[in-house]
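Please open the structure in your viewer and keep the selection panel at hand. The tour moves from one selection to the next, and says at each stop what is to be found there.

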Amino acid sequence: MTPRVGILMGSRSDMPVMQKASDLLTELGVEHEVRVMSAHRTPDLVAGYATGAADRGVQVIVAAAGGAAHLAGVVAAHTLLPVIGVPIATQVAGGLDSLLSTVQMPRGVPVATVSVGGAENAALLAAEILGLSDDVVQARLAAYRERQARAILDDETNRGA
Ligand code: RP5
């Protein structure tokens, strides 16, 4: 199947966090691909991926990086696809460096940034974007929300409440 979401990360070390995004998209039945590429270590690879992604059928890109986290911004510079940035936690104030590097995009090229380590929300936001034109994905998202709410409602502390 053609991947509809591209999950990128700046280093293999980001995989434990970003695996959660991949797992959630799999749960939602959204075809996706996972790639490790770095804005500063492999700039040509990043530019080539972002430039060609739309023509390959990718509709949303999730880009995760830590530190001077410019991956999402560089990707966004090379494509008109929506780009969701995931700041990866670091030793600097829990990842405040990554958060600001990702979220503080100057005017003209947006990156929709989720919370530090917010891989699952990135996957959900990607699916919501696809759901605008895909009723099946939107229905799966609705079911996911229902399951999420049900898990809380069924929590033993809420029984009989
Ligand atoms: C960033 O630098 C990566 O996204 C990662 O979060 C961070 C550290 O990378 P490694 O030194 O673990 O490869 O480019």
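A residue is called buried when its relative accessible area is under 20%, exposed when that value is over 50%, and partly exposed in between, computed with a 1.4 Å probe and with protein chains only as cover. This is a predicted model, in which local features need pLDDT of at least 70 and side-chain atom pairs count only at pLDDT 80 or more, whereas totals for chains, interfaces and linings use all residues. Residues are numbered from 1 along each chain as its sequence is written, and side-chain values use heavy atoms, with hydrogens and water left out.

Select Leu96, which is found in helix α4; helices (H or I, at least four residues) and strands (E, at least two) are DSSP runs, numbered from the N terminus. Leu96 counts as partly exposed because its relative accessibility is 41%.

Now show the strands, which form an open sheet of five in the order β2-β1-β3-β4-β5, with parallel pairing; two strands pair if DSSP finds at least two bridges between them. The edge strands are β2 (32-36) and β5 (112-113), each of which pairs on one side only. Next, select β3 (residues 60-66) together with β4 (residues 83-88), a parallel pair held over six bridges, in which Val62 stands opposite Ile84 of β4. Strands β1 and β3 also run parallel and are joined by five bridges, with Val5 opposite Val60 in β3. How much of β3 is buried? Six of its seven residues are, so β3 is largely enclosed by the rest of the structure.

Select helix α1 (residues 15-27), which lies across β1 (5-9), β2, β3 and β4 and runs at about 170° to β1. Helix α4 (residues 96-103) packs on the sheet as well, touching β3, β4 and β5, and its direction makes about 165° with that of β4. The axes behind these angles are lines fitted to C-alpha atoms, for helices over the stretch in contact, and the angles run from 0 to 180 degrees between N-to-C directions; contact means heavy atoms within 4.5 Å.

Within helix α4, pick Thr102, which is buried, with a relative accessible area of 3%. Leaving aside neighbours within four places in sequence, Thr102 is in contact with Ala69, Ala72, Gly85, Val86, Pro87, Val111 and Thr113.

Tyr144 and Leu28 are 116 residues apart in sequence, yet 8.1 Å apart in space, C-alpha to C-alpha.

**Last stop: salt bridges**

The structure holds six salt bridges, each being a side-chain nitrogen of Lys or Arg within 4 Å of a carboxyl oxygen of Asp or Glu. Select Asp134 and Arg4, whose closest N and O atoms are 2.7 Å apart in one of these bridges. The pair links distant parts of the chain, with Asp134 in the loop between α5 (119-131) and α6 and Arg4 in the segment before β1, 130 residues apart. Are these two residues, Asp134 and Arg4, buried or exposed? Both are buried.

Then select Glu27 and Arg147, whose side chains meet in a salt bridge (3.0 Å, N to O). Since Glu27 lies in helix α1 and Arg147 in helix α6, the pair ties together parts that are 120 residues apart in sequence. Glu27 is partly exposed at 48% relative accessibility, and Arg147 is partly exposed with a relative accessible area of 43%.

Finish at Glu33 and Arg35, which form a salt bridge through their side chains (3.4 Å, N to O). Glu33 counts as buried at 8% relative accessibility, while Arg35, at 36%, counts as partly exposed.
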